[in-house]
Amino acid sequence: MVALTFDDGPHPIVTPRILNLLKQYNARATFFVLGNRVDSYADVLQREYTEGHEIGNHSYNHASLSKLGEQEIAFQVQETDERISHLLPTAPVLLRPPYGAINDAAREAIQKPFVLWSIDTQDWKNRSSGAIASEVLEKVKDGDIILMHDIHTESVDAAIELIPKLMEKGYQLVTVSELAAYKNVTLENGEKYTDF
Ligand code: NI
């Protein structure tokens, strides 16, 4: 089992293409969205949720949380949660800090589990999707969290290559919270997770 994660959206064109792909393979993923994008692309966010994917908090405007004071950190997280919970039945449980940047002050200020990753596809670089897929397939193991983005067309190309190959290898694609639950990990606020 692995968890595919898509950051920085929702995007009006790229995200629906990824959703179509996930639907085609009956796969689940986690979308770490930015608070300042969810109102503009509310329909995309709602589709993510309705189709069984997990929505996580990726801050309001992609700020590096380790450089902010307590109040600014609270704004980044709470404003994003609020906007999402106006559009969906639930607020996000998980937080992915932009750049993976988290320090002790941020860990104390934010009452959420921090989800990082064990495999970075670097899908945003202009590289061949075949190369990205084979690199991931060489490294991947059960319980991995795979970092991708849903704002670049390169990422869709990489996902088109990667998803069927992961499934051929026998991996189930689940959300981050599902992955933790299957591995009997109880997610704790203020803790960092890179894989399960
Ligand atoms: Ni990001």
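Which strands and helices do the buried residues of H7 pack against? In this predicted model, they pack against strand S1 (3-7), helix H1 (14-24), helix H6 (129-139) and strand S6 (145-149).

**Helix H7**

H7 covers residues 153-168, and a quick length check works out: at 1.5 Å a residue, its 16 residues should span 22 Å, and the end C-alpha atoms sit 24 Å apart, which agrees. There is a bend of about 25° at alanine 159, and alanine 159 is also one of the helix's buried residues. Others on that list include Val156, Leu162, Ile163 and Leu166. After the helix comes glycine 170, with a positive phi near 95°.

**The cores**

The largest nonpolar core has 33 residues, and the ones touching the most other members are Leu4, Ile146 and Leu166. At least two residues each come from S1, H1, strand S2 (29-33), H6, S6 and H7. H7 gives the largest share, six residues. Take leucine 4: beyond its neighbours within four places in sequence, its contacts include Ile146, Met148, Leu162, Ile163 and Leu166. There's also a second, separate core of twelve residues, with Met1, Phe32, Val176 and Phe196 among them.

**Aromatic pairs**

Three aromatic pairs turn up in total. Here are two of them:

| Pair | Centre to centre | Angle between planes | Type |
|---|---|---|---|
| Phenylalanine 6 and phenylalanine 31 | 5.5 Å | 25° | stacked |
| Tyrosine 60 and phenylalanine 75 | 5.2 Å | 65° | edge-to-face |

Phenylalanine 6 belongs to strand S1 and phenylalanine 31 to strand S2, so their pairing ties together parts 25 residues apart in sequence. Phenylalanine 6 counts as buried at 1% relative accessibility, and phenylalanine 31 is buried at 0%.

In the other pair, tyrosine 60 sits in the loop between S3 and helix H4 (70-87) while phenylalanine 75 is in helix H4 itself, so parts 15 residues apart in sequence are tied together. Tyrosine 60 is buried, with a relative accessible area of 16%, whereas phenylalanine 75 counts as partly exposed at 40%.

**Histidine 53**

Where does histidine 53 lie? It is in the loop between helix H3 (42-50) and strand S3 (54-57). Histidine 53 counts as buried because its relative accessibility is 6%, under the 20% cut-off. Its side chain reaches the backbone nitrogen of alanine 29 at 3.0 Å. Leaving out neighbours within four places in sequence, histidine 53 is in contact with residues including Leu19, Leu22, Ala29, Phe31 and Thr175. Phe31 is the ring that stacks with phenylalanine 6.

Conventions: Residues numbered from 1 in each chain as written. Predicted model: local features only at pLDDT ≥ 70, side-chain atom pairs only at ≥ 80, totals over all residues. Heavy atoms only, no water. Helix = DSSP H or I, 4+ residues; strand = E, 2+ residues; numbered from the N terminus. Expected span 1.5 Å × (residues − 1). Bend = angle between axes of the 7 residues up to and from the residue. Buried < 20%, exposed > 50% of the residue type's maximum accessible area, 1.4 Å probe, protein only. Contact = heavy atoms within 4.5 Å. Polar contact = N/O pair within 3.5 Å; in protein donor to acceptor, adjacent residues only side chain to side chain. Core = buried A, V, L, I, M, F, W, Y, C linked by side-chain atoms within 4.5 Å. Phe/Tyr/Trp six-rings, centres within 6.5 Å; stacked < 30°, edge-to-face > 60°.
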